[in-house]
Amino acid sequence: NMEDASLAKIALAKSLRAIMRKKAFSKITVGEICSKAHMTRRNFYNHFLDKYDLLNWTYDYFFCQQVKGHEDWHAQDYLPLICQDLYRDMKFYRNAFSSRQEDQNSFREFCIGKLKPLFMRDMADIFQDDGEADFYVSRICNAFFDYYIMWFDDEDPMDSVEYINHIRESIIRVSKRITEMFEREPSEPERWKSGTHPGKKS
């Protein structure tokens with residue numbers, strides 16, 4: 001039944017988390033996960049395609065489904081919650097994020113898929129069309145994922161509050177500088193006018 005299936009999936013997810021706190025994801029086998037969860041491989045494959053599928057489900061269940069959505073929140077309002085969860089179980093997440101070189105059911109793509117709707121809701125109306133919005137929002141989400149990897153790679157990482165404030169301040173500084181650069185009058189304004197492309201034939 002559904003309840004038994006959910007309990008089995010949770011047990012497998014707990015097993016994976018426990019192992020990943022001590023071992024790289026790439027070196028973990030399905031058999032190892034099953035053994036710790038006291039389940040058979042057949043039972044595992046009744047619920048998940050492979051260990052990559054289980055990793056994505058684990059993050060979704062233990063974090064994404066536990067976060068309450070707020071209609072009046074912006075994307076940045078969720079970032080402290082994300083960082084707190086990452087910091088709380090950093091040994092697990094450090095190994096989860098190290099799976100970024102493996103392309104099966106990419107954990108990176110899964111996490112970005114969870115972030116994108118939050119940023120799209122905040123930013124979609126400033127772009128000309130959905131394609132342009134997706135282009136920029138995808139890169140913003142990838143940048144946040146890389147921020148987290150950089151955080152994990154530090155031998156002495158900041159705590160979650162310190163790090164999310166570091167990200168916020170960095171983004172504000174970069175945004176201000178980019179705005180200043182493009183609001184400044186160009187050195188050769190004629191090159192910005194239509195019809196003045198150097199390769200354009202008359």
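How many of the 12 residues of α4 are buried? In this predicted model, where residues are numbered from 1 along each chain as its sequence is written, local features need pLDDT of at least 70, side-chain atom pairs count only at pLDDT 80 or more, and totals for chains, interfaces and linings use all residues. Side-chain values use heavy atoms, with hydrogens and water left out.

The answer is 9 of 12, so α4 is mostly covered, where buried means under 20% relative accessible area, exposed over 50% and partly exposed in between (1.4 Å probe, protein chains only). The buried set consists of K51, Y52, L54, L55, N56, W57, T58, Y59 and D60. Helices here are DSSP runs of H or I with at least four residues, numbered from the N terminus. At the N-terminal end, α4 is capped by D50, with a side-chain oxygen 3.1 Å from the backbone nitrogen of Y52. Such a polar contact is a pair of N or O atoms within 3.5 Å; within protein, one must be able to donate a hydrogen and the other to accept it, and residues adjacent in sequence count only if both atoms are side-chain atoms.

We turn next to the interior. A nonpolar core is a set of buried Ala, Val, Leu, Ile, Met, Phe, Trp, Tyr and Cys residues joined through side-chain atoms within 4.5 Å. The largest one has 48 residues, and F97 and Y148 have the most contacts inside it. Elements giving two or more residues to this core include α4, α5 (75-88) and α9 (160-183), while its largest share, 9 residues, comes from α8. Leaving aside neighbours within four places in sequence, F97 is in contact (heavy atoms within 4.5 Å) with L86, F107, F145, Y148, I149 and F152.

Two loops also deserve a look. H38, in the loop between α2 and α3 (41-47), has a phi near 60 degrees, a positive value in a residue other than glycine, and is exposed at 74% relative accessible area. S106, in the loop between α6 and α7, is buried at 17%, and its side chain reaches the backbone nitrogen of E109 at 3.1 Å.

Finally, the whole structure holds 0 disulfides, a disulfide being a pair of cysteine sulfur atoms within 2.5 Å. For C64, the closest cysteine sulfur, in C111, is 7.1 Å away, too far for a bond.
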